[in-house]
Each structure stands twice: as structure tokens, then as C-alpha cells.
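I opened this model to look up a few helices, loops and surface spots. My notes follow in the order I made them.

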Amino acid sequence: MIKQIFGRLPRKPSKSGESHELAGSSDPSSNTSINSRNSDLMSNKLVSSNSTTPPGLDFAPNSGYSYGSKIPQVANPKLNGNPVTCPYEALPGFRDVPSSEKQSLFIRKLNLCCVVFDFTDPTKNLKEKDIKRQTLLELVDYVTSANGKFTETVMLEAIKMVSVNLFRSFTPQPRENKVLEAFDLEEEEPSMDPAWPHLQIVYEFLLRFVASPETDAKLAKRYIDHSFVLKLLDLFDSEDPREREYLKTILHRIYGKFMVHRPFIRKAINNIFFNFIFETEKHNGIAELLEVLGSIINGFALPLKEEHKLFLVRALIPLHKPRCLPMYHQQLSYCITQFVEKDCKLSDTVIRGLLKYWPITNSSKEVMFLSELEEVLEATQAAEFQRCMVPLFRQIARCLSSSHFQVAERALYLWNNDHIENLIRQNRKVILPIIFPALEKNGSNHWNQVVQSLTLNVRKIFSDVDPELFEECLRQFQEDEAKVEELKTKHEATWKRLEEIAASNAASSESPTNDNHPNIVEIMRSTEVCTSGIRTDTIYGIHCKIKSEAPLHICDKRDIGDSSGLLIVDI
């Protein structure tokens, strides 16, 4: 009889249950993941029926997960925090009782599964753990094949069982420099919850229960309430990626089925982001939450509400700030692009937001920004592009001049996009003078051959499109370079004369006056230009006087590499 029960697990959920999706969005990964989980549960059944020890019990004892008061001692399982005194025994199967008693049996099985076992010791309570696992599988089977509306009592007991098993506090293992070593974390082995053999089936039960057409949303919202949703969102900080994957799918289904909870869910996710951005910069589930938001944003009705635009500006754009951006950038970029595709007028806001958080010293992060920028520009129209093109291409010019070849190379790849190249062509009279110095220096001085080659291709594009503008920019660039070289030569000559005077003064032990050196005047400690008057000061031990009736030329020593910031005044 037990083998017959084991064989009844379906391979896919009911079609009507699968139809509850977000408005205007599709989530093909949800259906695929449910089907794959069906096969996983089926294989788990077979293993459990032939083995006393359920799979998954050989995890390390120190898992980093705590069930608070619910977790029992190894020899003392608890029911809702109270020790279980009666023997933990399996209940009859649903096929063994009349239809009129199935609901009562279902509630009894739910109560049986409210007992939480300690999985930190894989050698304890093996029989009881296996009984609970088989009972959970039967509950999943019952919910999937139910052909009548669930009563309020059933909903109450079902949510109670889910809450007892899932809602727990996390005590993550300490990781030094967790924020700074974001790239290393991607290569680390994730922390797996040893209780997953039971947790997986509880999550599957909740998913089937929420998606079931027999679950009346108007009735179920009393139990799947704001408190339940908040506790579910707290679980996204789990270090177990399998758990976060289930949570992502379940939250998506709750958002689609319980329309009354939608504003609250968006606000709660918003608060999680605020805490992450401005407080901790530590959270394991940002990528999964953004993935859910991608489907939600895709379903936004047009025109976009002001609430949604504020969410973009206050939460999504600042998510570019944390140093662990690589862990969720792909999902964040998708959400940002969805907003721009919904309302192209937001592209100016998004681009200026990217420029605000543009990395300065993190080259790999800069490459990600350039990739996201290309996706945003691809959805940008000419009017919005013109609003932000000046600050945008000042930043792109800095990227072109980067000594990190990947940054310069990724910036040059923008010209491979036909839409972006067309926008640049239309506004070349503004853009080319901004980026021309970077192009000219890269073409001859950059150390990387690929960057040089790509730069020459971009120069050729501008030269072919508008030869006159190109020649004008080239002439202006050469004049500017000549002025810089002339100023540099003058600075060097001035300092050379000052050094000669200092050496002469040291040899003769005499202080020269301005009569002996009429062309060298003193250092001023202010930025004011003196037109007349007398001032004395000292530099390199030289005592000098300033006496002039004509305006003085001021040169900041920082321009020639001196960090003191004093000003050389030269007639």
C-alpha cells in the first residue's frame, strides 16, 4: 500500500494552477522549475522507500541555521515549541480512508509535520525523520490532486505547518571582508542547510498550495497576510541557493494571486533594498528579489505610476553603489532596461544616475557599467539622448583614455551598435570635440594593440562622415597640445632658474635681492593678482622683494608637479 502511495506523485501541476501569473508577464522558469522539482521529489521517494536513512543527512553539523525555540534536542522533538511525549508514528494513507474522512486525515498529517527535528546530528531520529518526510510527500500529493475548495480550517493548519517548518532565524558563518571580496564569494561553496530534505518538500507544498485553483485567494489572504509575507521575505537572506530559488518562485505566485498584497510586497522589497544600500551592504537574496521584480516591472501598466518611477530613482539606481554589485548586476540591469523600454523618457534619468555612481578605481565594475549603458542607450530616443550626451561622453572619453585595456575596449565597442552609432552621427558636432583628444592619444600612445586598432576604426568613422569637422578638431587638438608643451617648458625654465639661484646663494651665503635677479619674483601664498605694492617672502632660502606696477603672471606650482600649492609670480 505504501508503495502504491509512493507511485502517485504527479509529474506536473494542474493547468489551472499554472495559469496564475503576473499581469502582463510570463515566467517560463517557474513552470520549468516546478517540473524539475517533481522529478527530484519522485527520485527522493524511491530512495526513501528503499533506505532507512533519508538523503541529505550527511551535511556538516555546523550549518549556520537556527530554528530558535522550535529546534528540538536530538532526542526530544517538539511540536510548536512543546516536547512531544506520544510516539511519533505514521498515519494511514489517504487511500485507506473514506472520502468523508480525507480532510480530517489531511489536518492530522499537517499537525504531525509540525514537529521539527534537529538535522545537525545526522545519526539521530532517523525513523521519525523518514516518517515525516513520507508524510510531507503525501501532503504534496493531496494538495496537487485536490478536487474541492480548501476550507478555512485546512488553510489555517496548512499555513501553521509551513510557518513552523520554514520561519527560523539565520546565524550565518562568519566571513571576513565579505563585502570587499565579492568576486571571491562567487567562487565559494554555498552554505547548505542540513534540514533541506524536509525543507524542500515543505516549500513544494507551499508552492502547490498557493498555485492550486482550489485555494480561494479571498479566503487565503487572511492567513497569507502581511506578517506571513514579511517572514517569507526575511528568508531570502538564506545562504542556501536552493532555498532562495524556491522562495523566488513562491513570492512570484503570491504576487500574482493575491492582488491585495501587491503594493505591500513592492514596499517591503523596497525597504530591504534601502537597508542593503545604505546600512549593511550584506544580503544573500538581492539577485533573486531583482529577478522577481523583473517580472513585476514587465507587467506594469502604462503610463507608469509615480510610485514606480520613484522606486527606480530611489532604490534601483542606488543599487549600483555597493561594492558587491557583480553578484546581482545582471538582474539589476534587466530591471533598469525594462523601465526604459516601458517609458523612453526615463533614459535621461537612468543615464545620469549611472554617471552619479560611476566607479573610479574599480575597472571590472566600470566594464559592467559600460555594458549596462549600451543596453540603456539602445532603448534611448534622440530627444532624451541630447539631454545627457555632454556629461555622458565626457565620461566615455575618460573610459577611452583608461590604461585598463578592457575599459577602453568596452567603451570603443559602443560604436559597434548601429542605434548608438546613429545617435552619435546625428550629434557629432557636440560629441567629437569632447572625445577627440582621447581618440588621438589612444591611436598612437595606448599600450594595447587591440585598443589602438579599434580607436583607428572609430577615427575613420568620424573622418568619413564629416571630414571638415574632423580636421577642425585635429587642428584644435594640435594647438592645445602646443600650448600645453609651451607652458610646461616655461615652468621647467622657471624652476631651473630658481634652483640656480638657490645654489648660488648657498655658495656665497648671501641673500640676493630683486636688483640682482630682476626677472625672478617671489612666491605668493594667495591666489590674488597684485598690480602694485611691495611684498617680501622666502623660497629655497632666497629673500626676494616684489615691486611691480604691471599685472603679474601667476602660475600654480601644482601644474608642474609640486604638491605645496604655492604660486609662482613671474613678470
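I started with helix H6 and listed its buried residues: Val154, Met155, Glu157, Ala158, Ile159, Met161, Val162, Ser163, Val164, Asn165 and Leu166. Buried means under 20% relative accessible area, exposed over 50%, and partly exposed in between, with a 1.4 Å probe and protein chains only. Helices (H or I, at least four residues) and strands (E, at least two) are DSSP runs, numbered from the N terminus.

I noted the ground rules next. This is a predicted model, where local features need pLDDT of at least 70, side-chain atom pairs count only at pLDDT 80 or more, and totals for chains, interfaces and linings use all residues. Residues are numbered from 1 along each chain as its sequence is written, and side-chain values use heavy atoms, with hydrogens and water left out.

Back to H6. How many of the 15 residues of H6 are buried? I found 11 of the 15, so H6 is largely enclosed by the rest of the structure. The helix covers residues 152–166 and reaches 21 Å from its first C-alpha to its last, close to the 21 Å expected at 1.5 Å a residue. The expected span is 1.5 Å times one less than the number of residues.

I then checked helix H5, residues 126–145. H5 has 20 residues and reaches 29 Å from first C-alpha to last, close to the 28 Å expected. H5 is mostly covered, with 15 of its 20 residues buried.

Asn125 sits in the loop between strand E4 (115–116) and H5. Its phi is near 50°, a positive value in a residue other than glycine. Asn125 counts as buried at 17% relative accessibility.

Phi of Glu281 is near 55°, positive in a residue other than glycine. Glu281 is buried, at 16% relative accessible area. Most residues other than glycine have a negative phi, and most peptide bonds are trans.

Which form does the peptide bond from Leu302 to Pro303 take, cis or trans? I read it as cis, with omega near -5°. Pro303 is in the loop between helix H13 (286–298) and helix H14 (306–316).

I looked up two C-alpha pairs last. Leu423, in helix H20 (residues 418–426), is buried at 3%. Its C-alpha is 9.7 Å from that of Met389, 34 residues apart along the chain. Pro213 is partly exposed at 23%. The C-alpha atoms of Pro213 and Phe150 are separated by 9.6 Å, and the two are 63 residues apart along the chain.
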